[in-house]
Amino acid sequence: MKIVCIGAGYVGGPTMSVIASKCPNVIIEVVDLSQERINAWNSDFLPIYEPGLSDILKESIGRNLFFSTQIEEAIEQADIVFVSVNTPTKTFGKGAGKAANLEYIEKCARTIRQYAKKDLIVVEKSTLPVRTAEAMEKILHSGESPYHFEVLSNPEFLAEGTAIQDLLVPDRVLIGGRQTESGIVAIEKLADLYAHWVPRERILRTNTWSSELSKLASNAFLAQRVSSINAISQLCEETEADVGEVSKAIGMDERIGSKFLNSSIGFGGSCFKKDILNLVYLCRQYGLNEAADYWDQVVIMNDHQKDRFIDKMIKTMFNTISGKKVAILGFAFKADTGDTRESPADYVVKQLLEEHCEVTISDPEALENAKKDLGERKNLSFEKDPYLACEGADATVIMTEWQAYKSLNFEKIYTSMRKPAFLFDGRNILDHLSIHQLGFNVFPIGKPSYVHELKKV
Ligand code: UDX
Ligand code: ADP
């Protein structure tokens, strides 16, 4: 059997590496339009940072796993085609800022139709609005192609930073397809592939639309938890409550559970916001305005959390940050990834630059992406070494919960900073009291601030 995966990104690369490692008899070719990306996959410098990826990749690359830009030839030989291309939110026209841009998906469907040489199973892996499979089917079956294309929805639930583990031991694998004879055969064929390493009872079969909607809904539920605890963090800052204590107390209720209750500067990443906006758009299309407003609020709360953080910085630093120097520790949207898509740090940095701050960004893995995202700008610099980034700064801001930041020598950092020295912990990862005792004015999220020279805020 030959599998082709169109799109060699954060989803396609890790997913195919794991399938190749678990199914050595299956030939897998991952194709992409970008020669640069493919070259990187074929080198020692992978295009994405993901713990454990390089080891698992090495098992199969050149054996049954190949990366290339030969899209047409690959499709000609394929039995199953996974579509794993990016589906950003539309930036123009109808649904701009809300609906998904399906341009890349459509292009893939047309390419598959044009080059297929036999009946094919086409698997949607990208996160897509409900009923995209239907649109794909229509494109695939339009025109003259003599072949039958069975479209399946097989959403990816991996989280960046833990992608390999999530793929190796998934909570569930979801396969949606048409409830017809050929649809069920296709679902079973894909289920057999996963059954090489996933227990059968964890492989769920549903109809296509349930599968597509489950992906959007799962991400909306997770994001909603983060927005819920962030809403509580705002109340904590106005009272004597500590969001860490509240979160622990809530999470110990087994009905609620403890995950995704860490208050933060806000969620980022390529999925949460995009998927919720998709959900909102869908609800509105069906006239479900209350449901749309309900989910919309999760994004509104997330945006507000970032604005509040910036407002607090300005207010505590004597109502002006113009000309002040700020060190941003962390630009990735979460730890253990180099991905910066929708990173809260991006928004914060842009706002600080608007205020004429001098900003230095540091990050162990995301500096190259940060440079691409922000380009050359006045008052902006990049510095891999966190100690150098903080030198002469008025404020140090933790934006990503990198493990390495927890064990920085804050005494050394304090000594090198301008005084009064401020520390804003956007991820609540530090021991605030002991850092305060070194001399810092410390501002966590949803917890008491520790202030020396200033009035309590
Ligand atoms: C998410 C889903 O978890 C995954 O199943 C789906 O396939 C893709 O989208 P990802 O975006 O990679 O994965 O990361 P995730 O771990 O979900 O974190 C998303 C954002 O929420 C990050 O910015 C993270 O820092 C933030 N977050 C998460 C919090 O602020 N608090 C938490 O308690 C958990
Ligand atoms: P994701 O997080 O969904 O994996 P990425 O942006 O990391 O998203 O990866 C998507 C990849 O899909 C990119 O490398 C992009 O070049 C590729 N791509 C987009 N459209 C096509 C297409 N029509 N054919 C082949 N590759 C494509």
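## Ligand 1

Helix H9 (residues 208-238) supplies three residues to the shell around ligand 1, the largest share; helices (H or I, at least four residues) and strands (E, at least two) are DSSP runs, numbered from the N terminus. The model is a predicted one, in which local features need pLDDT of at least 70 and side-chain atom pairs count only at pLDDT 80 or more, while totals for chains, interfaces and linings use all residues. Residues are numbered from 1 along each chain as its sequence is written, and chains are lettered from A and ligands numbered from 1 in the order in which they are written.

In total, 19 residues surround ligand 1, and the closest are Asn262, Ser264, Phe267, Gly269 and Cys271; a residue counts as near a molecule or strand if its C-beta atom, placed from the backbone, lies within 6 Å of it. By class, this shell around ligand 1 holds eleven nonpolar, five polar and three charged residues. Here Ala, Val, Leu, Ile, Met, Phe, Trp, Tyr, Cys and Pro count as nonpolar, Asp, Glu, Lys and Arg as charged, and the others, Gly among them, as polar. Ligand 1 lies between domain 1 (2-198) and domain 2 (216-303), because both give residues to its shell.

## Domains

The domain assignment divides the protein into domain 1 (2-198), domain 2 (216-303) and domain 3 (305-443); such bounds come from an automatic or database domain assignment. Between the C-alpha centres of domain 1 and domain 3 there are 37 Å. Seven residues from domain 1 and seven residues from domain 3 make the contact, where two residues are in contact if their C-beta atoms, placed from the backbone, lie within 7 Å. On the side of domain 1 that touches domain 3 there are four nonpolar, one polar and two charged residues.

## Ligand 2 and helix H5

Ligand 2 is surrounded by 21 residues, of which Gly7, Gly9, Tyr10, Val11 and Asn86 are the closest. Ten residues of this shell around ligand 2 are nonpolar, eight polar and three charged. Its largest share, three residues, comes from helix H5 (residues 103-115).

H5 also packs with helix H6 (residues 132-141): their axes come within 9 Å and cross at roughly 35°. Axes are lines fitted to C-alpha atoms, for helices over the stretch in contact, and angles run from 0 to 180 degrees between N-to-C directions. The crossing of H5 and H6 is right-handed, that is, the near helix is turned clockwise from the far one by less than a right angle. H5 contributes Ile105, Glu106, Ala109, Arg110, Ile112 and Arg113 to the contact, and H6 contributes Thr132, Met136, Ile139 and Leu140. Six of these contact residues are nonpolar, one is polar and three are charged.

## The parallel sheet

An open sheet is formed by six strands in the order E11-E10-E9-E12-E13-E14, with parallel pairing; two strands pair if DSSP finds at least two bridges between them. At the edges, strand E11 (380-382) and strand E14 (441-443) each pair on one side only. On average, neighbouring strands are turned by 20° against each other, direction ignored.

Strand E13 (residues 422-425) pairs with E14 in the parallel sense over three bridges, and Phe424 has Phe443 in E14 as its bridge partner. Helix H13 (residues 344-354) packs on the sheet, where H13 touches strand E9 (325-329), strand E10 (358-362) and E11, and its direction makes about 160° with that of E10.

## Backbone exceptions

Most residues other than glycine have a negative phi, and most peptide bonds are trans. Phe318, although not a glycine, has a positive phi of about 65°; Phe318 is found in the loop between helix H12 (289-316) and E9. Lys419 and Pro420 are joined by a cis peptide bond with omega about 0°, and Pro420 is found in the loop between helix H17 (410-416) and E13.
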